[in-house]
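Please read them with the structure open.

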Amino acid sequence: MSDRRRPDDAVGTRRTAGVAESVIREMTREALSRDAINLSQGIPDVGETPTEIRTAAKEAIDAESQYTITWGLPDLREAVAERYAAWKGVEYDPETEVTITSGTSEAIMSTMLALAGPGDEVIYFEPVYESYIPASQFAGATAIPLDITDDLELDYDRLAAAAEDARILVLNTPMNPTGKVFTREELERIEEIVFEHDLILLTDEIYEHIVYTDEYLSPVEVGDLADRTVVCTGMSKTFSVTGWRVGFCLAPEYLSKELRKVHDYATICAPTPFQRAGVEALSLPDSYYEELSRSYERRRDLLYDGLVEVGLDPVRPDGAYYIMARYPTDEDDIEFCYRLIREAGVAAVPGSSFYTDPDADADWIRFTFSRNESTIRDALDRLRENRWW
Ligand SMILES: Cc1ncc(COP(=O)(O)O)c(C=O)c1O
């Protein structure tokens, strides 16, 4: 590279200032460089993706490698509308209310950029999946985090007070990193607040098929919430294809119309062959989804019991594939995680990376059980043999 770069380091803007690189991905890199077992990033093991859909993707590469219509392959939008009508009891028009995005991440980003702007406030519950923090910032909006770390209970008075000036409420259920599944009662209270304060609800439902409780329901199944909600979800977790980058964004036309403007110019379309494979994926029988949850439930129990046995204090999740676990030392959570990689050969994520305040104190770390049972057993052996806490 020549030496003609701008001498000024501050080439970013207010949109990017202070946005740090994802700590989760940093832990993955550190784990790889030290040959640690990676229970940090939620990446399934090789072999979890159903064979039929891998075959469909390979065939699709030969058959169709050009852009699709920007809103997504019509067959896939139709399949999404049909499946979600069955799953959530809400009819979405595939022409105007279903958009295929480049992952759930893009659905969230497109929604935020389209529907929030400078002066708008965006509420979410903390600890929080880290994406909503930069998404709010990129939109120029103000983030209003509501902390539920202690008992994962909602404080409706605080929520109603925050909602007074807010525009968007983000809800992730099942929730990463806590595994919380919002109950019907909680969603009904949220519905009241959404309508009373004229909010738009952005739901991140990427773990909708990884649930261990009969209480699970989608927010759009509650009252009239579907009229106000942008559902962001996708194929990554349900079909173990995190690298395929296919997301589904379902919303009434007046909301879809706006977020489609960002989607169109940001990405043109999601990867065509993987959209085609998505049609195949959505034709899998109901038993696929039942077995998916059962299989993760076994791994949840394995990791949960193992963490208790090694003297950590885990919170049993009702959904998604993460466990938050408190540790009994005074160490900083980031130092604890680096030491865990160095001394025990296991990678986890420091709890503080799930808070808007970069200096947040957290006495917990997050493990994923998206890996197969033998990997989880190996990790537990290492924790047992090398614990210093
Ligand atoms: C809550 C949540 N939302 C979104 C994503 C990213 O989804 P995608 O791969 O569809 O972009 C993740 C990934 O871990 C997640 O945990």
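1. Helix H4, residues 103–115, gives the most to the shell around the ligand. Its share is three residues. Keep in mind throughout that this is a predicted model.

2. Ligand shell, membership. The ligand is surrounded by 13 residues. Gly103, Thr104, Ser105, Tyr129 and Ser236 are the closest. By class, the shell has ten polar residues, two nonpolar and one charged.

3. Domains. The domain assignment gives two parts of the chain: domain 1 covers 23–48 + 287–386, and domain 2 covers 63–281. Their C-alpha centres are 25 Å apart. Across the boundary, 25 residues of domain 1 are in contact with 25 residues of domain 2.

4. The domain 1 face. Which elements supply at least two residues each to the side of domain 1 that touches domain 2? They are helix H10 (286–309) and strand E10 (322–326). H10 has the largest share of this side, with six residues. The class count for this side of domain 1 is 15 nonpolar, five polar and five charged.

5. The four-stranded sheet. E10 also belongs to an open sheet of four strands, ordered E9-E10-E13-E12. The pairing is antiparallel. Strand E9 (313–314) and strand E12 (349–350) are at the edges; each has a single partner strand, so one side of each lacks a neighbour in the sheet.

6. Inside that sheet. Five bridges link E10 with strand E13, residues 364–368, in the antiparallel sense. Tyr322 is placed opposite Thr368 of E13. H10 lies across E9, E10 and E13. The helix runs at about 10 degrees to E10. The seven-stranded sheet. A second open sheet has the order E2-E8-E7-E6-E5-E3-E4, with mixed pairing. Which strands stand at the edges? They are strand E2 (98–101) and strand E4 (142–147); each has a single partner strand, so one side of each is left without a neighbour in the sheet. On average, neighbouring strands of this sheet are turned by 20 degrees against each other, direction ignored.

7. A parallel pair. Strand E3 (residues 121–126) and strand E5 (residues 166–172) run parallel and are joined by three bridges. Ile123 has Leu169 in E5 as its bridge partner.

8. Helix H6, residues 156–163, lies across E3, E4 and E5. H6 runs at about 175 degrees to E4. Helix H8, residues 253–267, packs on the sheet too. H8 touches E2, strand E6 (200–204), strand E7 (229–234) and strand E8 (247–250). The direction of H8 makes about 25 degrees with that of E2.

9. A helix pair. How do the axes of helix H2 (residues 51–63) and helix H9 (residues 272–281) cross, and at what angle? They come within 8 Å and cross at roughly 145 degrees. The crossing of H2 with H9 is right-handed. On the H2 side the contact holds Glu52, Ile53, Ala56, Ala57, Ala60 and Ile61. On the H9 side are Pro273, Phe274, Arg276, Ala277, Glu280 and Ala281. The residues of this contact divide into nine nonpolar and three charged, with no polar ones.

Notes:
Residues are numbered from 1 along each chain as its sequence is written. This is a predicted model: local features need pLDDT of at least 70, side-chain atom pairs count only at pLDDT 80 or more; totals for chains, interfaces and linings use all residues. A residue is near a molecule or strand if its C-beta atom, placed from the backbone, lies within 6 Å of it. Ala, Val, Leu, Ile, Met, Phe, Trp, Tyr, Cys and Pro count as nonpolar, Asp, Glu, Lys and Arg as charged, and the others, Gly among them, as polar. Axes are lines fitted to C-alpha atoms, for helices over the stretch in contact, and angles run from 0 to 180 degrees between N-to-C directions. A crossing is left-handed if the near helix is turned anticlockwise from the far one by less than a right angle, and right-handed if clockwise. Two residues are in contact if their C-beta atoms, placed from the backbone, lie within 7 Å. Domain bounds come from an automatic or database domain assignment. Two strands pair if DSSP finds at least two bridges between them.
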